Amino acid sequence: MADYDVIIIGGGPGGYVCAIRCAQLGLKTACIEGRGKLGGTCLNVGCIPSKALLHASHAYHDAHTNFEKMGLMGAGPTVDLGKMMDYKQSVIDGNTSGIEFLFKKNKVDYIQGWGKITGKGEVTVGDDKHTAKNIVIATGSESSSLPGVEVDEKVVVSSTGALALTKIPKTMVVIGAGVIGLEMGSVYARLGAEVTVVEFLDNITPGMDAEISKTLLRALKKQGLKFILGAAVSGVEATKTKAKVSYTLRKNDKAGELEADIVLLATGRRPYTDGLGLAEIGVEMSDRGQIKTNGHWQTNVAGIYAVGDVIDGPMLAHKAEDEGLAVAETIAGQAGHVNYSVIPGVIYTSPEVASVGETEETLKEQGRSYKVGKFTFMGNARAKTIFAGDGFVKILADKDTDRILGCHLIGPFAGELIHEVCVAMEFGASAEDLARTCHAHPTFSEAMREAALACGDGAIHS
Ligand code: FAD
Ligand code: NAI
């Protein structure tokens with residue numbers, strides 16, 4: 001008789017959500033977590049702390065940039081970075097302890113320590129052995145390394161070090177213009193650092209709608225961030241207080257160097273499976289280090305499943321959560337399902353960026369006929385009240401059926417606005433369905449309706 005129906009290894013968004021759902025479905029469940037706190041990368045060193053610092057630095061920047069325009073006079077606030085980090089920590093603590101509470105409420109056993117699969121249905125933590133009918137691996141990811149770059153988390157930092165700086169750097173070089181680079185680069189640029197982003201490709205945010213990517217680049221440059229695009233970083237030489245970044249421009253092989261107080265390495269993340277004992281039990285891995293799973297999140301070894309950053313797909317907290325829910329339902333004998341074509345992505349810069357579904361680029365690749373409904377926030381009264389008229393919404397719909405295929409927007413609260421399109425897509429809605437839905441005035445959401453109208457006879461306010 002096994003101790004548990006399900007043991008989940010990893011207490012991040014994939015693991016803890018899976019654990020709660022398993023318990024809700026009547027399964028005897030334990031979740032093993034080694035870092036001493038629940039919530040994984042996301043709550044401890046990812047989504048939540050980065051959003052806390054983005055919020056605080058945005059408020060600071062807003063006070064200095066926009067308050068006077070609204071008749072709010074007086075010297076602007078100054079930054080106490082220590083206090084800002086305390087605020088960040090209190091947000092983390094509130095959230096992680098919230099999950100402990102949810103575990104107690106749902107009767108999930110929280111086992112602290114590093115788990116290793118030591119046999120069929122057996123997980124060992126320290127000297128203790130625990131048995132289960134099913135094991136779910138949700139061990140997440142860690143920062144990727146780059147040849148020639150040694151991260152010391154002091155001068156050369158990963159996102160974890162960047163979330164815990166003790167001093168605002170005068171100069172900062174960010175390697176990689178992906179999500180982490182742009183979010184963390186924005187934080188320190190707003191707080192006064194001179195930030196230069198070095199990116200291998202010729203554009204920022206690879207995979208994103210090209211028009212949105214260009215607009216974001218323009219907006220960030222306006223905020224003072226500098227960009228060196230098409231540049232391959234070959235190495236970083238660090239002393240105790242400074243670092244020198246060497247790069248080569250790909251178009252002409254010209255070498256360049258940059259010196260900075262802090263260098264942030266943000267060139268992607270890789271699955272984390274160290275110490276799990278997967279080779280010994282024969283779990284198949286992809287050549288990118290991901291655990292291979294089938295359409296039901298099952299590995300090749302019976303009774304072992306995997307979800308989240310450790311398997312294929314976008315490394316996003318909500319993707320991990322969805323898989324956690326679905327695998328719990330699958331184990332409980334229900335029809336767990338994730339709709340991978342409707343997973344939104346958000347970049348929490350200013351302006352914010354959000355996207356879901358196909359881009360114009362992917363539709364062209366597929367040779368699919370589509371129409372574009374576009375609306376700029378300049379025509380949205382509410383956006384103008386907060387000086388956020390830059391940016392636009394773009395809805396892509398099938399040319400013949402009008403079915404919504406994707407949406408990309410850059411502008412105020414983009415990360416919230418995207419969800420009405422996600423719901424519409426889940427229901428197979430047409431752009432006309434969205435256009436005929438009454439939207440309250442004055443809201444930012446009206447821009448979504450206007451973009452949907454633009455897929456038909458035309459928007460009203462443009
Ligand atoms: P994780 O959150 O990585 O959790 C895995 C957990 O497993 C860890 O706590 C680890 O300690 C534990 N573990 C590993 N091995 C073992 C073992 N053998 N035994 C016990 N425990 C183990 N995503 C978004 O959607 N939105 C964002 O805004 C966002 N911001 C981010 C910002 C930063 C700076 C970073 C780094 C990431 C961000 N992400 C964001 C990505 C997001 O954090 C991940 O996609 C998400 O955390 C993945 O969840 P997971 O459960 O798969 O893994
Ligand atoms: P990323 O994959 O988003 O971006 C990495 C960037 O580094 C790419 O633009 C790539 O071209 C570039 N790069 C790679 N090698 C390089 C080199 N040698 N020199 C210069 N540039 C180089 O990875 P990132 O930003 O590290 O984020 C990791 C993961 O975390 C992402 O998958 C993302 O989904 C997740 N995340 C999500 C957030 C969100 O949803 N808001 C926020 C932060 C992270």
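Ligand 1 is surrounded by 39 residues in this predicted model, where a surrounding residue has a heavy atom within 4 Å of the molecule. The closest are G14, E33, T41, K51 and G115. By class, the shell holds 16 nonpolar, 18 polar and five charged residues. Here Ala, Val, Leu, Ile, Met, Phe, Trp, Tyr, Cys and Pro count as nonpolar, Asp, Glu, Lys and Arg as charged, and the others, Gly among them, as polar.

Several elements contribute to this shell. At least two residues each come from α1 (13-24), β2 (29-33), α2 (40-45), α3 (47-65) and α9 (317-331). The largest share, four residues, is supplied by α2. Helices (H or I, at least four residues) and strands (E, at least two) are DSSP runs, numbered from the N terminus.

A side-chain N or O atom of E33 lies 2.7 Å from an oxygen atom of ligand 1. A backbone N or O atom of G115 is 2.8 Å from a nitrogen atom of the ligand. For C47, a polar backbone atom is 3.4 Å from a ligand nitrogen atom. Taken alone, ligand 1 exposes 990 Å², and the protein buries 95% of that. Accessible areas were computed by the Shrake-Rupley method with a 1.4 Å probe.

On the surface, F67, M70, L72 and F387 form a nonpolar patch with about 350 Å² of accessible area together. M70 sits in the loop between α3 and α4 (81-106). Its relative accessible area is 42%, so M70 is partly exposed; this class lies between buried (under 20%) and exposed (over 50%).

Backbone geometry was also examined. Most residues other than glycine have a negative phi, and most peptide bonds are trans. The S350 to P351 bond is cis, with omega near 0°. P351 lies in the loop between β18 (345-347) and β19 (352-357). H441 and P442 are also joined by a cis bond, with omega about -5°. P442 falls in the loop between α13 (431-435) and α14 (446-454).

T205 has a positive phi, near 45°. T205 is buried, at 5% relative accessibility. F413 has a positive phi of about 55°. F413 is partly exposed, at 44%.

Residues are numbered from 1 along each chain as written, and chains are lettered from A and ligands numbered from 1 in written order. Local features need pLDDT of at least 70, side-chain atom pairs count only at pLDDT 80 or more, and totals for chains, interfaces and linings use all residues, while side-chain values use heavy atoms, without hydrogens and water.

Methods:
Polar contact = N/O pair within 3.5 Å; in protein donor to acceptor, adjacent residues only side chain to side chain. Patch = residues over 30% accessible without salt bridge, like charges linked within 9 Å, V, L, I, M, F, W, Y side chains within 5 Å. Salt bridge = Lys/Arg side-chain N within 4 Å of Asp/Glu carboxyl O. Buried < 20%, exposed > 50% of the residue type's maximum accessible area, 1.4 Å probe, protein only.
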